[in-house]
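Below is a set of questions and answers about one protein chain. Please keep the sequence and the coordinates at hand while reading.

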Amino acid sequence: MSEDRSINLSLRAYTKLLCHVIQYPHTATNGVLLAAAETESDKALNVVDCVPLFHYNLPLSPMLIVALTQIEEYASNRDMRICGYYHANEYHNDTDVGTVATRIADKIAENCKNSCLLMVDNEKLSELATALPLKAYQPQKNNDRIDWKVAKNLNIQYGYKGLLIGPEILKNKLYRDIVDMDSHYDDISLHFENKALNEVVNLFAETASEGIEPGPDSSSE
């Protein structure tokens, strides 16, 4: 748990995360990250998808347990597993890893050999065309507790071309389509898989992949 690993973020996972944060700019938001079930490398963590959790009442433990159980089943049925957690604080200039974030990330890390925590840097949301608005952390065991240390290698699929999905989200207001667990529980006809966004990402990826080898090759640094 203490070795430095690359964290490779798929376009699908990044798009849903970003839409969730942008849709609810005045409140804290969070979600879980998913990786392929059969892959658990010591050298890299490949995040293939994510499920947005909540945009209010983040600390509510009973609702969180229900949601995580539901997402675990959803992921398992699609050959995926929970591999991490993302969190955006309520206040624009707050990027601290707080109690809620560490508590949930710790729980995931305890059940996952290779996991990560992504904190949203709200101040970088105005620089989406050039930088990932994220700070990555990986778990490090320290006696009976887990410490979260900065991860140096956070990459996005398709490199600088992948970053251009950010301005597209804003331009086409794609964030309006995001469904998190709060929305799902309010109206079960809305599903947290976000199929409509998946289709948009697939179309964008076709353009982004032209002339380059698909791969996580753009860093947050």
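**Burial, contacts and packing**

His 191 is partly exposed, with a relative accessible area of 36%; the class lies between buried, under 20% relative accessible area, and exposed, over 50% (1.4 Å probe, protein chains only). The model is predicted, so local features need pLDDT of at least 70 and side-chain atom pairs pLDDT 80 or more, while totals for chains, interfaces and linings use all residues. Residues are numbered from 1 along each chain as its sequence is written, and side-chain values use heavy atoms, with hydrogens and water left out.

Q: Which residues does His 191 contact, leaving aside its neighbours within four places in sequence?
A: His 191 sits in the loop between helix H6 (181-186) and H7. Helices (H or I, at least four residues) and strands (E, at least two) are DSSP runs, numbered from the N terminus. Contact means heavy atoms within 4.5 Å. With neighbours within four places set aside, the partners of His 191 are Tyr 74, Val 179 and His 184.

Q: How far apart are the C-alpha atoms of His 191 and Ser 126?
A: Along the chain, His 191 and Ser 126 are 65 residues apart. Their C-alpha atoms are separated by 29 Å.

Q: Is Asn 122 buried or exposed?
A: Asn 122 belongs to the loop between strand E5 (116-120) and strand E6 (134-142). Beyond four places in sequence, its contacts include Val 21, Tyr 91 and Asp 94. Its relative accessible area is 7%, so Asn 122 is buried.

Q: What is the C-alpha to C-alpha distance between Asn 122 and Asn 93?
A: In sequence, Asn 122 and Asn 93 are 29 residues apart. In space, C-alpha to C-alpha, they are separated by 6.6 Å.

Q: What is the relative accessibility of Thr 29?
A: Thr 29 is in strand E2 (residues 29-36). Not counting residues up to four places away, it touches several others, among them His 20, Tyr 24, Phe 54, Leu 58 and Tyr 86. Thr 29 counts as buried, at a relative accessibility of 0%.

Q: Why is H1 called oblique to H7?
A: Helix H1 (residues 11-23) and helix H7 (residues 195-208) pack with their axes 10 Å apart, at an angle of about 130°. Axes are lines fitted to C-alpha atoms, for helices over the stretch in contact, and angles run from 0 to 180 degrees between N-to-C directions. Angles under 35 degrees count as roughly parallel, over 145 as roughly antiparallel, 65 to 115 as roughly perpendicular and the rest as oblique. The angle of about 130° therefore makes H1, relative to H7, oblique.

Q: Where does Asp 79 lie, and what is its phi?
A: Asp 79 lies in the loop between helix H2 (61-76) and strand E4 (80-88). At 54% relative accessibility, it counts as exposed. Although Asp 79 is not a glycine, its phi is positive, at about 55°.

Q: What is the phi of Lys 173?
A: Lys 173 lies in the loop between helix H5 (165-171) and H6. It counts as partly exposed, at 38% relative accessibility. Lys 173 is not a glycine, yet it has a positive phi of about 55°.

Q: How many helices and strands does the chain have, and what percentage of its residues count as buried?
A: The chain has seven helices and nine strands. Of its 221 residues, the share that counts as buried is 52%.
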